[in-house]
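Good morning. I will take a few minutes to go through one structure, starting with the chain as a whole and ending with its pockets. Please have a look at it first.

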Amino acid sequence: MKSFRIALLTFMAFVLAAWVAPTEETAKQVIQKADDKLRGSSNKAEVSMEIIRPEWSRAMTMRTWSLGRQYSMVLILSPVKDKGTVSLKRKNELWNWMPSIERNIKISPSMMMQSWMGSDFTNDDLLKESSIVEDYEHSFDGSETIDGFDCHIIQLMPKPEAAVVWGKIKAWVSKKEYHQLKVEYYDEDGYLVNTMICSDVKQMDDRELPTKWEMIPAEKEGHKTVMIYNKMDFEIDVKESFFSIQNMKRVR
């Protein structure tokens with residue numbers, strides 16, 4: 001009888017411990033939460049961008065919309081020569097509307113690594129054809145403090161079947177707030193190509209986010225692109241039909 005009581009108490013202790021102990025997050029869950037926080041189920045943003053080169057710089061402003069992971073649109077508002085240019089992602093298709101020649105141009109998957117509008121962001125960075133959640137295997141690779149935020153360092157390796165442009169990604173995500181504060185992009189041979197630094201955390205609608213994103217090429221001294229989110233609204237009322245080829249010509 002005494003043995004039975006001991007066994008029963010031991011079993012209850014295990015059950016209680018399992019119930020009380022917090023479940024540790026996986027690296028994928030951390031990336032998922034950071035991505036969800038940044039995107040919401042839908043969003044609309046007012047964004048400014050400056051492309052900086054050793055001899056010159058160029059500024060533009062744009063308006064963006066996204067719905068889930070399947071739909072996104074970018075409308076350039078200025079400068080005048082680029083005003084009205086639209087980039088669209090609709091499921092697996094990517095398009096550009098060029099008002100100067102009144103043509104829609106389909107972007108092939110082989111063009112995802114190409115520069116978006118002459119910036120240091122690629123078509124894939126802006127339109128997000130690939131998913132950092134679904135297309136990669138995730139693992140923890142240490143911790144580091146950035147701007148006072150205690151961050152996980154997470155390594156992302158592409159799944160064999162995934163159609164992605166990077167050979168490896170390293171992401172720094174704050175452990176408490178799920179801010180994505182730094183991302184390193186590597187090619188298939190393991191060489192660092194770009195580093196993105198995210199800073200200037202501000203309140204955007206119902207959440208705090210880094211609002212200043214700097215994309216810095218590893219081997220181009222004096223080159224970088226700075227993107228600033230001036231306003232973001234989340235969980236907006238936008239339908240799939242908004243992200244149509246026809247609407248690229250009408251959107252304002």
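This is a predicted model: local features need pLDDT of at least 70, side-chain atom pairs count only at pLDDT 80 or more; totals for chains, interfaces and linings use all residues.

A contact here means heavy atoms within 4.5 Å. With that in hand, take the contacts in this chain with a separation of 6 or more: 47% of them are between residues 24 or more positions apart.

The chain has 13 strands, along with 3 helices. It runs to 252 residues, and 43% of these count as buried.

Now the pockets. What is the volume of the largest pocket? The value is about 260 Å³. Its lining consists of 17 residues, and those nearest the centre are Asp120, Val193, Asn194, Pro217 and Lys220. Which strand gives the most to this lining? That is strand β11, residues 192-204, with 3 residues. By type, the lining of the largest pocket has 7 nonpolar, 6 polar and 4 charged residues.

The second largest pocket has a volume of about 170 Å³. Here 13 residues form the lining, with Leu75, Lys83, Gly84, Val251 and Arg252 nearest the centre. Strand β3, residues 71-78, supplies the largest share of this lining, which is 3 residues. How do the lining residues of the second largest pocket divide by type? There are 8 nonpolar, 1 polar and 4 charged.

That is the end of my part.

Methods:
Residues are numbered from 1 along each chain as its sequence is written. Side-chain values use heavy atoms; hydrogens and water are left out. Helices (H or I, at least four residues) and strands (E, at least two) are DSSP runs, numbered from the N terminus. Buried means under 20% relative accessible area, exposed over 50%, partly exposed in between (1.4 Å probe, protein chains only). On a 1 Å grid over the protein atoms alone, a cavity is a set of points where a 1.4 Å probe fits but cannot get out, and a pocket is an open set with protein on both sides within 12 Å along at least five of seven lines; lining residues have an atom within 4 Å of a point. Grid points are joined across faces, edges and corners, and a volume is the space filled by probe spheres set on the points. Ala, Val, Leu, Ile, Met, Phe, Trp, Tyr, Cys and Pro count as nonpolar, Asp, Glu, Lys and Arg as charged, and the others, Gly among them, as polar.
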